[in-house]
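I wanted to look up its overall build, then a few spots along the chain.

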Amino acid sequence: MYFDLELWRLTAGLRLSMAAGVLLGLLALAAGIARFAFLGIALAQVFAGGGLAEAAPALVAAMAAVLSRGWLDQRRARQANRTAALVQTRLRTMLFDRIAALGPAWFAGERSG
């Protein structure tokens, strides 16, 4: 794995937002695992001879896990997109400032391709 210090410097001020996205992803992962656990419990109760009444609490919990995973994943995606937009804006501002500092004479002497 390659770690670029220059890219790390560009994330200054956004690292908390990035950590929040990671946390939301981990919570969504836990909700996804909980869904499988609750479905497994419900199936075990049905195969053990229990009726729908015995499996209903586990099925309701599985449904809650599905909904919470969807909500958490949607929040994570929104957080990631918002952070990426801030990084893009910062990079574009830095690029524009550098181009403005170089001036049009520099570009006149450079090939574009």
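My entries below go from the whole fold to single residues.

**Ground rules**

I am working with a predicted model, where local features need pLDDT of at least 70 and side-chain atom pairs count only at pLDDT 80 or more, while totals for chains, interfaces and linings use all residues. Residues are numbered from 1 along each chain as its sequence is written, and side-chain values use heavy atoms, with hydrogens and water left out.

**Whole fold**

I began with the helices and strands, which are DSSP runs numbered from the N terminus (helices are H or I with at least four residues, strands are E with at least two). I got four helices and zero strands. Starting at the N terminus, the order reads α-α-α-α. The radius of gyration is 25 Å, well over the 13 Å that the globule rule gives for 113 residues, so the protein is more spread out than a compact globule. For that I took the radius over C-alpha atoms, and the globule rule is 2.2 Å times the number of residues to the power 0.38. The C-alpha trace spans about 85 × 25 × 25 Å along its principal axes.

Next I looked up burial, where buried means under 20% relative accessible area, exposed means over 50% and partly exposed is in between (1.4 Å probe, protein chains only). Of the 113 residues, 17% count as buried. I also checked contacts, meaning heavy atoms within 4.5 Å. Among contacts between residues at least 6 apart in sequence, 67% join residues at least 24 apart.

**Helix 2**

Helix 2 covers residues 15-47. I noted 33 residues and a reach of 48 Å from the first C-alpha to the last, close to the 48 Å expected at 1.5 Å a residue. The expected span is 1.5 Å times one less than the number of residues.

Which residues of helix 2 are buried? I wrote down Ser 17, Gly 21, Leu 24, Ala 28, Ala 31, Gly 32 and Ala 42. Their cover includes helix 3 (52-102). Just after helix 2, I found Gly 49 with a positive phi of about 100°.

What does Ser 17 touch, leaving aside neighbours within four places in sequence? I found Gln 79 and Thr 83. With Gln 79 there is a side-chain to side-chain polar contact at 2.6 Å. A polar contact is a pair of N or O atoms within 3.5 Å; within protein, one must be able to donate a hydrogen and the other to accept it, and residues adjacent in sequence count only if both atoms are side-chain atoms.

I moved on to Leu 24, also a helix 2 residue. Leu 24 counts as buried because its relative accessibility is 18%. Not counting residues up to four places away in sequence, Leu 24 touches Leu 72, Arg 75, Arg 76 and Gln 79. I also compared Leu 24 with Phe 107: they are 83 residues apart in sequence and 45 Å apart in space, C-alpha to C-alpha.

**Arg 76 and Leu 52**

I looked at Arg 76 from its own side, in helix 3. Is Arg 76 buried, exposed or partly exposed? At 29% relative accessibility, I put Arg 76 down as partly exposed. Beyond its neighbours within four places in sequence, Arg 76 is in contact with Gly 21, Leu 24 and Gly 25.

**Thr 11**

Thr 11 sits in the loop between helix 1 (5-10) and helix 2. I get 12% relative accessibility, so Thr 11 counts as buried.

**Rings**

How many aromatic pairs does the whole structure hold? My search found one. Phe 3 and Trp 8 form it, tilted, at 5.7 Å centre to centre and 50° between the planes. Rings of Phe, Tyr and Trp (its six-membered ring) pair if their centres lie within 6.5 Å; planes under 30 degrees apart count as stacked, over 60 as edge-to-face and the rest as tilted.
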